[in-house]
Amino acid sequence: MKRLGEIESKRLLSAHGFTVPKHVVYDNHCDLSKIAFPVAVKASSSQIMHKMREGAIFLNVCRDDVHKAVRQLRKKFPNATVFIEEMVQTGPKSLECAVGVLTTKVYGKCIMFGAGGRFVEIFEDVSFRKIPINSHDARAMIADTIIGGEVERIGATNCVVDFLLRISDLAEHVDIIEMDLNPVIFSDKRAIVLDAKIVLDE
Amino acid sequence: MFYPKSVAVIGASATPRKIGHEILKSLLKFKGRVYAVNPNYDEILGIKCYPSVLNIPASIDLCVIALPAQKVPSALVECGKKGIRYAVIVSGGFKEIGDVGAKLEREITSIGKKFGIRIIGPNCIGIANPKIGLYTFFQPEDFMERPAEGAISVMTQSGTVGCIILEFLAYTGIGLAKFVSYGNKCDIDEYDVISALKNDNDTRILVGYIESFDNPNVLSAMKEFCKNKYMIVVKGGRTKEGTSAVKSHTGALAEDYRVFRGVIKQHGGIVVDSIDELKYSLKIVNFYYELIEKFNGKIVIITNGAGLSVITVDSIANSKYLSLASVDKKLRSSLPEYAILSNPLDLTGSATGEDFARAIMGVSETSDGGTAIILNMVLQDAPLGGSWQTMISAIKQCMEKTMILACADGGEFTMGVTRDFEALGVPVFSNPVLLISALDKVYENVRWKRYEKTGRD
């Protein structure tokens with residue numbers, strides 16, 4: 001079993017055609033000229049389970065404040081990799097959702113879809129299916145959830161369906177035993193994975 | 001398993017109200033040979049009693065064991081030597097009591113394997129097939145009504161829930177095809193039951209009370225079953241699913257019930273949240289087994305009571321797949337002036353049975369076969385009094401084409417009229433919220449079946 005940090009998880013997703021925000025690992029030689037500000041400054045390590053709760057992330061950081069944010073994270077998480085990531089602009093036509101994969105004893109690998117963000121455990125607005133899923137299953141998962149109504153309203157249904165099918169396919173063919181993508185920003189055109197944690201079976 | 005020609009009750013007793021006595025009594029109506037086994041008697045309830053199954057001078061297809069747990073293994077060995085293929089073990093005192101019982105259960109499981117005996121149980125009430133009068137129950141008939149022959153089969157981990165469903169099938173007249181209570185399921189489990197009933201021509205709907213699935217093969221069997229038949233499941237024990245060792249964000253979220261619900265729906269089952277909802281959905285599917293396939297989620301409410309319909313409309317708005325259909329303006333001419341022509345189609349408190357009849361026929365004629373009618377009836381209202389015969393004949397006339405679900409609630413008078421409706425083949429429900437919730441779940445499954453057949457949503 002191998003637990004991947006955020007950077008490695010996103011590298012894997014990116015290699016399989018998923019969209020993640022542009023990022024740069026921060027060190028003394030890093031080039032910030034191609035990064036659009038404001039940015040998110042994050043500490044990534046397989047030990048950090050919940051960035052927001054553990055204070056391992058700063059959002060909407062402007063160019064002048066980057067170094068200060070980096071220093072703070074390095075001090076707090078000396079073993080983590082600190083990186084800088086472009087902020088994804090969200091609006092009324094986008095939604096934060098959570099997508100996950102887990103392995104169960106009887107049913108094997110299952111996929112999860114639901115409302116994302118910090119309160120995913122509290123509201124439990126989630127739906128599961130066994131992997132692999134078909135497009136009917138993906139639509140039914142959306143319908144199972146309250147956030148599904150919003151997905152429909154902003155016209156992101158096809159985008160979510162496509163994303164769930166691709167995650168199902170990835171988890172079926174790569175030795176992923178767990179995956180936690182939260183949040184994933186969906187709009188009518190695109191899906192961007194803002195945070196990712198993947199556990200591989202080795 | 002469901003068609004034995006001969007049954008032996010091991011641990012038969014001469015004392016009324018004892019389990020071994022009541023099982024034998026239940027089997028008095030069995031259309032086959034019945035034997036009793038107990039070394040202390042020569043005869044019980046007019047049935048010859050043998051010291052051991054090995055003394056019975058004929059072949060035995062099924063035995064029902066009602067002995068204390070410690071005595072079960074040796075009795076089972078004798079069944080094996082006798083060549084018995086199926087054993088219902090009613091006795092408790094196995095896995096459910098802890099380590100000692102679990103050891104005993106492993107012992108009987110291996111005896112079963114060794115002799116090729118398929119075990120139902122232990123810790124169960126066994127099986128039933130009304131077609132041949134087979135009931136292995138220890139619930140006396142005067143305490144628990146037996147259903148007539150019907151198209152519903154039941155599989156249940158719990159005998160208690162089994163009894164409740166069974167009596168529902170009896171008193172509603174819906175009837176029973178096959179029944180299996182398999183308790184601790186040391187051998188026969190959901191996979192075996194679903195696989196067997198898939199090819200049972202009498203079974204159209206399978207109702208299940210499930211606490212846990214342990215056999216991964218159950219899903220593919222279920223999917224095959226549900227392509228042509230219906231399966232309605234209620235789950236007990238909504239605790240944590242055994243997930244992989246790692247608990248990440250998603251892992252920690254993975255509670256059994258939500259995973260169960262999603263996976264069962266994905267494989268064609270209808271997952272309901274309560275026994276009441278199970279009864280409602282069962283009633284809908286059973287009454288409209290063919291018509292439900294055409295349902296498109298659209299509903300017209302016809303009512304003489306606005307409040308009840310407001311509640312129904314709220315439920316429809318909260319449902320996943322249901323919505324209100326529009327009502328054809330042509331109906332205006334056939335309805336009285338006081339009728340409010342919208343959806344809900346409110347005939348108001350002045351409505352007579354004739355008004356209802358005209359509205360029902362009008363809606364049925366002007367809508368396609370996919371629209372369902374919900375009748376919210378306030379049977380307490382005076383103008384309606386005594387004129388529901390007209391209503392019933394209109395409903396009966398339209399039921400071939402249109403799904404009509406009636407809703408009424410009240411006291412003794414209302415319940416009496418409700419029973420008359422049902423006796424004439426019109427399904428009546430008391431709770432509109434539960435009706436909508438059950439209909440939503442049934443329709444979700446109809447959509448699943450459609451996708452499986454056509455590959456289109």
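**Notebook: salt bridges in a predicted model**

I started at A:D144 and found its side chain in a salt bridge with the side chain of B:K320, at 2.6 Å from N to O. This pair crosses between chains. On the chain A side, A:D144 sits in helix α5 (residues 135–144); on the chain B side, B:K320 sits in the loop between α10 (306–318) and β16 (323–324). A reminder to myself: I am reading a predicted model here.

Next I looked up how open the two partners are.

Then I moved to a pair within chain B. The side chains of B:D214 and B:K185 form a salt bridge at 3.2 Å, N to O. B:D214 is in the loop between β12 (205–210) and α6 (218–228), and B:K185 is in the loop between β11 (179–181) and α5 (190–198), so the bridge ties together parts 29 residues apart in sequence. Are these two partners buried or exposed? B:D214 is exposed, with a relative accessible area of 52%, whereas B:K185 is buried, at 10%.

I also checked B:R419, whose side chain meets that of B:E412 in a salt bridge of 3.1 Å, N to O. B:E412 counts as exposed, at 56% relative accessibility.

Last, I wanted the overall tally. How many salt bridges does a search of the whole structure find? Over all chains, it finds 34.

Conventions. Residues numbered from 1 in each chain as written. Chains lettered and ligands numbered in written order. Predicted model: local features only at pLDDT ≥ 70, side-chain atom pairs only at ≥ 80, totals over all residues. Heavy atoms only, no water. Salt bridge = Lys/Arg side-chain N within 4 Å of Asp/Glu carboxyl O. Helix = DSSP H or I, 4+ residues; strand = E, 2+ residues; numbered from the N terminus. Buried < 20%, exposed > 50% of the residue type's maximum accessible area, 1.4 Å probe, protein only.
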